[in-house]
Amino acid sequence: MVHFTAEEKAAVVSLWAKVNVELVGGEVLGRLLVVFPWTQRFFDNFGNLSSESAIMGNPRVKAHGKKVLTSFGNAVKHMDDLKDTFAELSELHCDKMHVDPENFKLLGNMILIVLATHFSKEFTPQVQAAWQKLTTAVANALAHRYH
Amino acid sequence: MVHFTAEEKAAITSLWGKVNVEEAGGEALGRLLVVYPWTQRFFDNFGNLSSTSAIMGNPKVKAHGKKVLTSFGDAIKNMDNLKGAFAKLSELHCDKLHVDPENFRLLGNVLVIILASHFGKEFTPDMQAMWQKLVAGVATALAHKYH
């Protein structure tokens, strides 16, 4: 089980408090679909994903991005217990959605990049390290129930 | 062989023109050592790497980071022939330095994050996609001569 120090938790929580989950969520999912276009295969029914502006402006992408990042907010509240927190979502992504767990790492990297664009110098090496650790741990938790 | 369109080359080159290679290089290598601490194993003789501030302030880290990113600048001048451009460095990293090629991907990710934090909104999804393509191409080129 991954262990977060008090400093790491503080770094994660304090930055999270400033995140506009709706805005950032849409941007994270949108960027995933733009930068790694094969991920669009999981969102066939989302309508127009034919260009960067179509994707970033797509209301379903924004709504689903908000849903995904809201769920990530759970990770921030349960940093000591990620595997249990994401147990059901792990089963869902395996059994129903058939998502390759590699994609969780890609999304995690995307979260870091969007945080970097929003927070700039405030996204210090230490903050980046704490968030990298969290996104990696969430990716592992989401893969944990795969069979 | 990875192919870059004229637009991609122009966009990458124009952003690169605004990068302070010395500063960004030191930051990239420093963040690699902070965020992925196992990478410190390749820099045993760099002196004090005992904390984030020690790493980010370490003159050997800054100097070597500048060297690495200057070499990355070569990639941008040779986007149509990355494998050729990095053939010698690939052999060096395999035969002399014994670096796991996975680390090239990690450094590429760190570089993307630094660009994101420096350029903010200017680092659009399309721009990010181009840079991800470039860093992936460089990582592949650096691994190409491994045996």
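**Group meeting talk: rings, cores and a buried serine**

Hi everyone, let's start with one residue: B:Ser90 sits in helix α6 of chain B, residues 87-96. Helices here are DSSP runs of H or I with at least four residues, and strands are runs of E with at least two, numbered from the N terminus. Before going on, please keep in mind that this is a predicted model, where local features need pLDDT of at least 70, side-chain atom pairs count only at pLDDT 80 or more, and totals for chains, interfaces and linings use all residues. Residues are numbered from 1 along each chain as its sequence is written, chains are lettered from A and ligands numbered from 1 in the order in which they are written, and side-chain values use heavy atoms, without hydrogens or water.

Back to our serine. Is B:Ser90 buried or exposed? B:Ser90 is buried, because its relative accessible area is 0%; buried means under 20%, exposed over 50%, and partly exposed in between, with a 1.4 Å probe and protein chains only. What does its side chain reach? It reaches the backbone oxygen of B:Leu142 at 2.6 Å. Leaving aside neighbours within four places in sequence, B:Ser90 also has contacts (heavy atoms within 4.5 Å) with residues including B:Ala141, B:His144 and B:Tyr146.

Over all chains, the whole structure holds twelve aromatic pairs. Rings of Phe, Tyr and Trp (its six-membered ring) pair if their centres lie within 6.5 Å; planes under 30 degrees apart are stacked, over 60 edge-to-face, and the rest tilted. In chain B, B:Phe104 and B:Tyr146 are edge-to-face, with 6.2 Å from centre to centre and 80° between the planes. This pair links distant parts of the chain: B:Phe104 is in helix α7 (residues 102-119), and B:Tyr146 is in the segment after α8 (125-143), 42 residues apart. B:Phe104 is buried, at 9% relative accessible area, whereas B:Tyr146 is partly exposed, at 23%. In chain A, ring pairs also join A:Trp16, A:Phe72 and A:Trp131 into a cluster.

Some rings have a charge over them, and that takes NZ of Lys or CZ of Arg within 6 Å of the ring centre and within 35 degrees of the ring normal. B:Arg41 lies over the face of B:Phe42, 5.3 Å from the ring centre, and B:Lys133 lies over B:Phe4 at 5.2 Å.

Now for the inside. In soluble globular proteins, nonpolar side chains tend to be buried together. A nonpolar core is a set of buried Ala, Val, Leu, Ile, Met, Phe, Trp, Tyr and Cys residues joined through side-chain atoms within 4.5 Å. Which residues touch the most other members of the largest core, with its 81 residues? They are A:Trp131, A:Leu134, B:Phe123, B:Trp131 and B:Leu134. The largest share of this core, eleven residues, comes from α7(A). B:Phe123 has contacts in both chains, among them A:Ile113, A:Thr117, B:Leu15 and B:Trp131. A second, separate core of 16 residues includes B:Phe46 and B:Val110.

Most residues other than glycine have a negative phi. A:His98 has a positive phi of about 50°, although it is not a glycine. A:His98 is in the loop between α6 (87-96) and α7 of chain A, and is exposed at 55% relative accessible area.

How values were computed. A polar contact is a pair of N or O atoms within 3.5 Å; within protein, one must be able to donate a hydrogen and the other to accept it, and residues adjacent in sequence count only if both atoms are side-chain atoms.
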